[in-house]
Amino acid sequence: MQGVALTKIPKIKFVIIIAGGKFGGPDLGTPKLATNAFSSPIECPSLHFIGALDRHREGGNVLVESFVNPVVIHYPEGHTIPRLDEKQVEIVLGFIENIQTLKSLGT
């Protein structure tokens, strides 16, 4: 099925991905419908959290490569919501500030 797209929803402004992976990555196969999903770099702002002990972390690293200028936070836990230290909180707040700036500029 070629040309399938979500045309009646607003454009995604940003994504925050915790312990995510990519179709076609090391652990997941590629469903036929998603074959072209990552055919070009994804340009929306993205914040990725990748756990050092997550057995799926390589899939997260592959996913990061699909984005233009991704922000990545590595944390010591596994496949879970991370506990952030002060430096990581600053990175998250900087990401949010960037999103708000983009919104105020109308992009």
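A cavity is a set of points, on a 1 Å grid over the protein atoms alone, where a 1.4 Å probe fits but cannot get out, whereas a pocket is an open set with protein on both sides within 12 Å along at least five of seven lines; lining residues have an atom within 4 Å of a point. Grid points are joined across faces, edges and corners, and a volume is the space filled by probe spheres set on the points. The model described here is predicted: local features need pLDDT of at least 70, side-chain atom pairs count only at pLDDT 80 or more, and totals for chains, interfaces and linings use all residues. Residues are numbered from 1 along each chain as its sequence is written, and side-chain values use heavy atoms, with hydrogens and water left out.

**Cavities**

- Two cavities of 30 Å³ or more are counted by this rule.
- The largest cavity holds about 40 Å³ of space, and its lining consists of Ala19, Gly20, Phe49, Ile50, Gly51, Asp54, His56, Arg57 and Gly60.
- Two or more residues of that lining come from each of β2 (46-51) and α1 (57-64); helices (H or I, at least four residues) and strands (E, at least two) are DSSP runs, numbered from the N terminus.
- Strand β2 supplies the largest share of the lining of the largest cavity, three residues.
- This lining divides into three nonpolar, four polar and two charged residues; Ala, Val, Leu, Ile, Met, Phe, Trp, Tyr, Cys and Pro count as nonpolar, Asp, Glu, Lys and Arg as charged, and the others, Gly among them, as polar.
- The second largest cavity contains about 30 Å³ of space and is lined by Ile17, Ala19, Gly20, His48, Phe49, Ile50, Gly60 and Leu63.
- Here too, β2 and α1 are the elements that give two or more residues to the lining, and β2 gives the most, with three residues.
- The lining of the second largest cavity has five nonpolar and three polar residues, and no charged ones.

**Largest pocket**

- The volume of the largest pocket is about 550 Å³.
- Its lining comprises 21 residues, of which Ile12, Lys13, Glu43, Cys44 and Pro45 lie nearest the centre of the pocket.
- Helix α2 (residues 86-105) gives the most to this lining, with six residues.
- By class, the pocket lining has twelve nonpolar, five polar and four charged residues.

**Sheet and helices**

- Three strands form an open sheet in the order β1-β2-β3, with parallel pairing; two strands pair if DSSP finds at least two bridges between them.
- Strands β1 (15-18) and β3 (71-75) are the edge strands, each pairing on one side only.
- From one strand to the next, the twist averages 10°.
- The parallel strands β1 and β2 are joined by four bridges, and isoleucine 17 has histidine 48 in β2 as its bridge partner.
- Helix α1 lies across β1, β2 and β3 and runs at about 160° to β2, contact meaning heavy atoms within 4.5 Å.
- Helix α2 also lies across β1, β2 and β3, running at about 160° to β3; axes are lines fitted to C-alpha atoms, for helices over the stretch in contact, and angles run from 0 to 180 degrees between N-to-C directions.

**Glycine 94**

- Glycine 94 lies in helix α2 and is partly exposed, with a relative accessible area of 36%; buried means under 20%, exposed over 50%, and partly exposed in between (1.4 Å probe, protein chains only).
- Glycine 94 and valine 71 are separated by 23 residues in sequence and by 10.0 Å in space, C-alpha to C-alpha.
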